[in-house]
Amino acid sequence: MKVFVVDVAKCNGCYGCQVACKDEHVDNDWMPYAQPQPDTGHFWMKLKEKTHGQVPKVKLEYTPYPCMHCDDAPCMKKSEAFYKREDGLVILDPVKGEGQKDLVEVCPYGAVYWNDALNVAQKCTGCAHLVEEGQLPRCVDFCATGALQFGDEEDFAEEIAQSETMEPEWGTHPRVYYLNLPKLFIGGEVWDPEQDEVIEGAKLILTGTDGLTRETHSDAFGDFWFRKVEAGTYSLKVEAEGYQTVTKDRIALKESYNIGDIPLKK
Amino acid sequence: MSKKDKKTCIKGIGLCGFGSGSNSAAVDVQDGKVVRIRNFRYDKEYTPEEMKPWRLQVNDKIFEPTMKSLLPPYSMIYKKRTYSKNRIPYPMKRVDWDPEGERNPQNRGISKFVRISWDEATDLIAKELKRVYKEYGPYTVLAQGDGHGETKTVHAAHGCQMKLLDLLGGYTLQARNADSWEGWYWGAKHVWGQDPVGQGKQTNLFKDISENSKMVLFWGCDPETTPWGWGGQQASRLSYWFTDIGIKSVYICPDLNYGAAVHADKWIPVLPNTDLAMQFAIAYIWLTEDSYDKDYIETHTIGFDYLQRHALGEDGTEPKTPEWAEKICGVPARTIKALARKWAKEATTIAHSNGGSYIRSCYSHEPARMEVCLLAMQGLGKPGRNQFKFIEWQLFGSNEQMPAPRSEFIPTVKSAYTGWRYTMSPQFLPKTLIPKAIQSDEPLTWYGQTMAGYPREDQFIEYQYPIEGGAPIHMIWTDTPCWTTCWTGGNEMIEALRNSKIECIVAQHPWLENDCLFADIILPTSTKMESRDISVDTLSGNFNHLFYEEQCIEPVGEAKSDWEAVCEVAQKLGLLEQYTDGMSEMDLIEKGFMESGVQTKISFEEFLAKGYYMIPTADGWEDDIPGFGKFYQDPKQYPLETPSGLLEIFSQDLADVFPDDQERKPYPQWIAFGESHSESLLHPKSEKYPYLIVSNHPRWRVHANLDDISWLREIPTCKVAGPDGYLYEPVWINPVDAEKHGIQSGDIVKLFNDNGWVLGGAYVTERIRPGAIYQDHGARLDPIKAGEGDRGGANNLICVSNTVSKNCAGEVTSGFLINIEKCDLDALKAE
Ligand SMILES: Nc1nc2c(c(=O)[nH]1)N[C@H]1C(S)=C(S)[C@@H](COP(=O)(O)OP(=O)(O)OC[C@H]3O[C@@H](n4cnc5c(=O)[nH]c(N)nc54)[C@H](O)[C@@H]3O)O[C@H]1N2
Ligand SMILES: Nc1nc2c(c(=O)[nH]1)N[C@H]1C(S)=C(S)[C@@H](COP(=O)(O)OP(=O)(O)OC[C@H]3O[C@@H](n4cnc5c(=O)[nH]c(N)nc54)[C@H](O)[C@@H]3O)O[C@H]1N2
Ligand code: SF4
Ligand code: SF4
Ligand code: SF4
Ligand SMILES: [Ca+2]
Ligand SMILES: [Ca+2]
Ligand SMILES: [Mo+4]
C-alpha cells in the first residue's frame with residue numbers, strides 16, 4: 001500500500017509540486033485515470049501558504065495539500081464514481097464522474113474540482129499512470145528538498161509513527177502523512193532601554209491555561225521564540241539577573257504573535 | 001513524424017544565456033508536441049561511482065549531491081513559453097512605417113503591425129542596412145545584443161547580429177554594463193581587485209562554511225529566488241544544511257524575502273539602500289570596543305586610518321554611532337551593536353546572490369567596498385570568514401568562482417557559440433546612456449567600457465560617443481527587446497525610441513513583448529525546443545555535465561532561430577558564407593564537442609548515443625584552500641590584483657584619477673545624496689516621495705522572461721487580481737503604511753515619482769517593513785500612456801536615469817524614492 005509523507009519543515013514554498021501537477025495533467029490525457037486538467041483553476045495539489053507574525057518576527061509556513069487518498073473515504077461513501085485501488089490510491093473515475101458537478105461537494109478536504117469544458121469532476125490520481133510504471137508521482141518527483149515523499153507504507157513506518165494527518169477527527173484515515181505541521185509561535189525581544197542594549201540570556205517562562213510551562217532564553221540579539229505553540233491563553237514571565245521581573249498576562253494567542261520589545265528596568 | 005513518435009530530449013533550461021547552460025531537464029515529446037519536462041536523471045547512463053559524488057560531513061550529518069537535476073518550477077513548465085499566446089507567429093511590419101515615404105517614428109508603440117513574409121522582411125532589413133551604412137557611415141547601427149534569456153549555443157539567443165554588422169563595416173555596441181554587480185564592480189574592485197566582476201573568491205566555500213562558520217549573513221540575499229534563474233534549487237538544500245548543522249542564518253533585507261521566510265533565524269529589516277549607515281556603525285563598534293583584527297589590518301591592508309577617522313568622526317564628519325545609524329537605516333541601535341559583537345566573536349561569512357539594491361542602487365560602490373572593509377576588519381580569508389555566493393558558480397569558467405567541491409574540469413561549448421562576442425566595437429555606448437545618446441545632439445563622455453569583465457584599470461579611461469570619425473546611430477537592431485522593463489528610466493527610452501533620428505528599428509524575438517511594441521520590423525524567433533544544440537550544466541552545484549540537445553518539435557509558426565534569422569539577412573546581403581564560415585548547425589555542434597574538454601573522455605559518436613557526459617568530482621578537492629585563505633596565510637606570496645597586492649581601503653588610483661569626485665572618494669565614505677542623486681529619506685525630495693522602493697529580481701520570472709505563464713500567475717505572490725479581474729503585479733506594503741493611504745489587499749495602487757507611474761495590486765503584508773514598498777521588476781509592459789504610465793507594473797519605467805555616480809556609468813534600478821496611492825481606475829479610464 002502506498003503513502004505520501006510530507007515533511008512541512010522541509011518545504012521551501014517553491015510551488016513546484018503544484019505546478020508539476022499541471023505540467024503532468026494539463027493538456028495530457030491519462031485515461032483511464034484522468035482526462036486532461038484545465039489550464040487554470042484546479043489544484044489537485046494545492047500549496048497553502050500562511051504568513052506568521054509581525055515585523056521583524058515573521059515566518060512563512062507552506063503546506064502541500066493533495067487528495068488525502070483516505071482509507072475511510074467520505075467521497076467513496078457518497079458516490080460510486082470513486083474507487084480505491086489495491087495500492088491505496090483513490091481514483092475519481094473519469095467516465096463515471098462525467099456530468100456530476102455535485103461531486104465537488106462530497107470531499108470534505110476540497111480535493112475535487114469541476115472541469116467545465118470537459119463536463120467532468122476531477123481530482124488527484126496519485127499519478128497512478130506513473131506509479132504503475134514504477135515511477136514517482138510528478139509532484140514528488142519534482143520536489144528538490146525531500147519535503148514530499150511517496151512509497152510503500154512499510155518503508156515509512158518510522159515517519160508515520162511520528163506523523164499527523166489532516167482533520168483526524170473526521171475519521172477518514174488519510175494516506176497522506178504530515179511531519180512538522182505548522183503551529184503558532186510567540187516571539188519577542190528583551191532589552192535595556194537605559195543602556196540601549198539587548199539583553200542576552202534572559203529567562204522566559206511561558207505558561208498556558210493548561211498549566212503547561214515552557215522555558216527559553218533570549219539569544220545574542222535579545223530575541224526569544226516559543227515555536228510550535230497551540231492557540232490558547234498564555235502568560236509570560238521575563239527574568240534577567242540585575243533586572244526587575246516583568247510578567248505579561250492574558251496573552252490570547254490566535255495567530256502567531258510578535259509580542260514586541262520588552263524593556264527591563266534595573 | 002509518425003503519430004506514435006515518442007522521445008525524450010535533454011535540454012538545459014536555465015535562463016542565464018551567454019552560453020552558460022544549466023538546469024538540465026528531460027523533455028518528453030510525443031506526436032510532435034512537448035508533453036512534459038522532468039528533472040534530468042544523471043544516473044541514466046553513468047553510475048554514481050563514475051561521477052564520484054562529493055560528501056560533506058559535520059557530526060553525524062551529511063550533505064551530498066543529488067542524482068537528479070534540481071529544477072526551479074519554471075524550467076519544468078517551460079513548454080508554456082514555447083506554446084505561449086505571446087509567440088510572434090510570422091514576420092511583421094508596422095503599418096505606417098514606410099521606408100520609401102513617411103516613417104512616422106512618433107507612432108512607435110501606437111500603430112499596429114501587418115504580416116509580411118520572411119522574404120519581404122529580410123529584403124527590407126538588407127535594404128535599410130545598405131542605405132544606412134551608405135548614407136551615414138559605419139557604426140550608425142546600434143546592436144542591442146546582450147541580455148539573459150534562453151541559453152543556446154549554436155542558436156545563441158543574443159548577439160548573433162553583431163558578426164554580420166561587423167562584416168558590413170562595424171556597429172555601435174550597446175555595452176552591457178556590469179548591471180548585476182554594479183557596486184562590486186565600481187567599488188569593491190578598488191579595494192580587493194577581484195576582476196572580472198569584483199566579488200570574492202569562492203573556492204571550496206561549501207566546506208569552509210560548513211566546518212568553520214558560526215553565522216552567515218544573508219545580506220541582500222534570497223537563496224530561494226535568484227538561484228532559480230541560474231542554477232536551480234541546490235541553494236535551497238544548502239540553506240537547510242546550514243541550519244541543520246547549527247549555523248545561524250541572519251537575513252538583512254527590507255523585505256522578508258523567500259529565503260528569509262523559511263530559513264532566517266533572525267531578520268533585520270533595513271530600509272532600502274541604507275546599509276551603508278549600518279556598516280559604518282558596525283565599524284564604529286569594533287573600533288571603539290577594540291574588537292577587530294588589528295594584526296590583519298596591519299599586514300593585509302593599506303589606508304585603514306582614513307576609514308577609522310571617518311567612522312569615528314575624527315575627520316570633521318559626524319561619528320557613525322549605532323544611534324546615528326538607527327535614524328537612517330531604521331534598525332535599532334541595540335540590534336546593530338548585538339550584530340557587531342556577535343560577528344566579532346564568531347566566524348562569520350557574508351552570503352549574496354549578487355546583493356540586490358544593496359548593490360544596484362545609487363552610490364552602490366560605497367556599501368560594496370565598505371563590506372570588503374568590514375570583512376577585512378575580521379580577517380578576510382580566515383577559516384569561516386569569507387564572502388559566499390549562492391549563484392553563478394564557476395562564472396567565467398573559473399574554479400575560483402566554485403564554492404562547491406571542484407569538478408575534474410569545467411566543460412565549455414564556447415567554440416560553438418554564435419552570440420554575444422565579448423569584444424568591443426570601436427564605437428559603443430554604455431547601456432545606461434542610450435536614451436541620452438539618442439536624445440542629445442551633444443557628444444557624450446564617460447569612464448570605462450563599463451562591461452562586466454573589464455579590468456579595474458579600464459575605469460580610469462575616458463570614452464566618447466560618437467568616436468572621432470564615427471557618427472550617431474540611425475538604426476537599431478535588437479534581439480533583446482526589454483530595455484524598457486530592465487534598464488533605468490524606461491520612460492525616457494520610450495521617448496528616445498520615437499526620435500526621428502532613429503529611422504528603422506528591427507526586433508527579433510520569440511514573443512510580442514516589451515520593446516517589440518516600438519519596432520518597425522519584427523522577426524519571429526524560436527525557443528530552444530525548436531532546434532538542435534549542444535549545452536552544458538555548470539551551475540547546478542551537483543556535477544558538471546555536457547549534453548546534446550536534440551530538436552524536440554518543429555518551429556512554432558514561421559519562427560527561425562536567432563542565428564538562422566541573421567543567416568537569412570546575411571543571405572540577402574550576399575554574406576552568408578562569411579557569416580557562417582561555411583559551418584552548418586551540426587558542424588558547429590561537433591566543433592563545440594571537440595573543444596569542450598569532453599572529447600578526450602569519449603568519442604563524439606558515444607556522446608551522441610548516450611546524449612550526455614557527467615564530469616566527476618576532482619580527487620583531492622578537500623585540500624583546496626578555501627576563499628581568500630591563501631591571501632590570509634601569506635599576502636606577499638598570494639597578493640591580490642590591486643596595485644599594492646593588499647586590500648586597498650584607500651585607493652591611490654582613485655585619488656589620482658578622480659581627485660574631485662565627491663561621490664566616490666578614494667576610500668568608502670558615508671553618502672546619502674549628492675550631485676547625481678537625491679534618492680534618500682534624508683533629502684527634502686522625500687517629502688513628496690516618502691517611500692523607498694524595493695525592486696527585486698522576480699521570484700516568478702527571470703527579469704522580463706516568463707510573465708505570461710498562467711500556472712504561475714495563479715500563485716498568490718505572483719499576481720494580484722484587481723477588482724477589474726486584471727492580474728496586477730503585486731505591491732507589498734506594510735499594514736502601518738497601508739492604513740495611512742486607506743489601502744487594502746487587492747486594491748489597485750499607483751506607484752509614482754517624477755518619471756511617471758506604474759500600477760500594481762496591493763498585497764498588505766508583514767513581509768515588508770514600514771517605509772519600504774516592494775514590487776518585483778520585469779513585469780510585461782502594458783502601457784496606458786506609453787512613456788508615462790503602465791498597467792503591467794513595469795517599474796523600470798520610473799527608475800532614476802542617472803547612473804550609479806558621476807564617474808560610474810552603472811545602473812540604479814532599486815532603492816529610489818516613490819509615493820503610493822490608491823488608484824481610481826474609473827477616473828483613469830475617463831482621462
Ligand atoms: N528594477 C530593477 N531592474 C533591474 C534589476 C533590478 O534588480 N531591479 N536588475 C538588473 C539586472 S542584474 C539585470 S541582469 C538586467 C536584466 O536585463 P536583461 O538581461 O536585458 O533581461 P532579460 O529579461 O533576462 O532578457 C532579455 C530579453 O531576452 C529575451 N529572450 C529570451 N530568450 C530569447 C531568445 O531565445 N531569443 C531572443 N531574441 N530573445 C530572447 C527575453 O524575452 C527578454 O526580452 O535587469 C536589470 N534591471
Ligand atoms: N528567479 C530569478 N532568478 C534570477 C534572476 C531573476 O530575474 N529571477 N536574475 C538573475 C540575475 S541577472 C542576477 S544579477 C541575480 C540577482 O541576484 P540578487 O542581486 O541577489 O537579487 P535581488 O532580487 O536583486 O536582491 C536580493 C535580495 O536583496 C534584498 N534587498 C533588496 N534591497 C535591499 C537593500 O537595500 N538592502 C539589503 N540589505 N537588501 C536588499 C531583497 O530581500 C532581495 O530579495 O539573480 C539571477 N537569478
Ligand atoms: S515541491 Fe517540495 S519544496 Fe516545493 S512547494 Fe512542493 S513540497 Fe514544498
Ligand atoms: S481527500 Fe476527498 S477525494 Fe480524496 S479520498 Fe479523501 S474524501 Fe476522497
Ligand atoms: S500525485 Fe499526481 S495527480 Fe496527485 S497531486 Fe501529485 S502530481 Fe497531481
Ligand atoms: Ca518551515
Ligand atoms: Ca526576491
Ligand atoms: Mo544580473
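These are my notebook entries on a few places I looked up in this predicted model.

**Entry: ligand 2**

Then I looked up some atom pairs. A nitrogen atom of ligand 2 lies 3.1 Å from a backbone N or O atom of Thr225(B). A polar backbone atom of Gly356(B) is 2.8 Å from an oxygen atom of ligand 2. For Asn696(B), a polar side-chain atom lies 3.3 Å from an oxygen atom of the ligand. On its own, ligand 2 has 910 Å² of accessible area, and the protein covers 99% of that.

Next I turned to chain A. I noted 13 residues surrounding ligand 3, with Cys11(A), Asn12(A), Cys14(A), Cys17(A) and Cys143(A) the closest. The shell of ligand 3 holds nine nonpolar residues, four polar ones and no charged ones.

Around ligand 4 I listed, among them, Cys67(A), Cys70(A), Cys75(A), Cys107(A) and Lys123(A). By class, the shell of ligand 4 divides into nine nonpolar, one polar and one charged residue.

Helix H15(B) runs over residues 333-345, and at 1.5 Å a residue its 13 residues should span 18 Å. Its end C-alpha atoms are 18 Å apart, so the expectation and the model agree. Is H15(B) mostly covered or mostly open? It is mostly covered, with eleven of its 13 residues buried; Trp343(B) and Arg334(B) are among them.

Helix H4(B), residues 118-136, has 19 residues and should span 27 Å; I found its end C-alpha atoms 26 Å apart, which agrees. Its buried residues include Trp118(B), Leu124(B), Glu128(B) and Tyr133(B).

**Entry: a hairpin and a loop in chain A**

I followed strands E15(A), residues 232-239, and E16(A), residues 246-253, which pair in the antiparallel sense over six bridges. Tyr234(A) has Ile251(A) of E16(A) as its bridge partner. Six residues sit between the two strands of this hairpin, and Gly242(A) in the turn has a positive phi of about 85°.

Val26(A) lies in the loop between H1 and E2 of chain A. Its relative accessible area is 2%, so I wrote it down as buried. Where the chain returns, the C-alpha atoms of Val26(A) and Gln37(A) are separated by 4.4 Å, though the two are eleven residues apart along the chain.

I looked up two cis peptide bonds. One joins Val55(A) and Pro56(A), with omega about 0°, and Pro56(A) is in the loop between E2 and E3 of chain A. The other joins Asp195(B) and Pro196(B), with omega about 5°; Pro196(B) lies between H6 and H7 of chain B.

Two residues other than glycine have a positive phi: Phe396(B), at about 55°, and Asp581(B), near 55°. Are these exposed, partly exposed or buried? Phe396(B) is partly exposed because its relative accessible area is 45%, whereas Asp581(B) is exposed at 54%. Asp581(B) sits in the loop between H21 and H22 of chain B.

Methods. Residues are numbered from 1 along each chain as its sequence is written. Chains are lettered from A and ligands numbered from 1 in the order in which they are written. This is a predicted model: local features need pLDDT of at least 70, side-chain atom pairs count only at pLDDT 80 or more; totals for chains, interfaces and linings use all residues. Side-chain values use heavy atoms; hydrogens and water are left out. Helices (H or I, at least four residues) and strands (E, at least two) are DSSP runs, numbered from the N terminus. The expected span of a helix is 1.5 Å times one less than its number of residues. Buried means under 20% relative accessible area, exposed over 50%, partly exposed in between (1.4 Å probe, protein chains only). A polar contact is a pair of N or O atoms within 3.5 Å; within protein, one must be able to donate a hydrogen and the other to accept it, and residues adjacent in sequence count only if both atoms are side-chain atoms. Accessible areas come from the Shrake-Rupley method with a 1.4 Å probe; for residues, only the protein chains shown count as cover. Two strands pair if DSSP finds at least two bridges between them. A residue is near a molecule or strand if one of its heavy atoms lies within 4 Å of it. Ala, Val, Leu, Ile, Met, Phe, Trp, Tyr, Cys and Pro count as nonpolar, Asp, Glu, Lys and Arg as charged, and the others, Gly among them, as polar.
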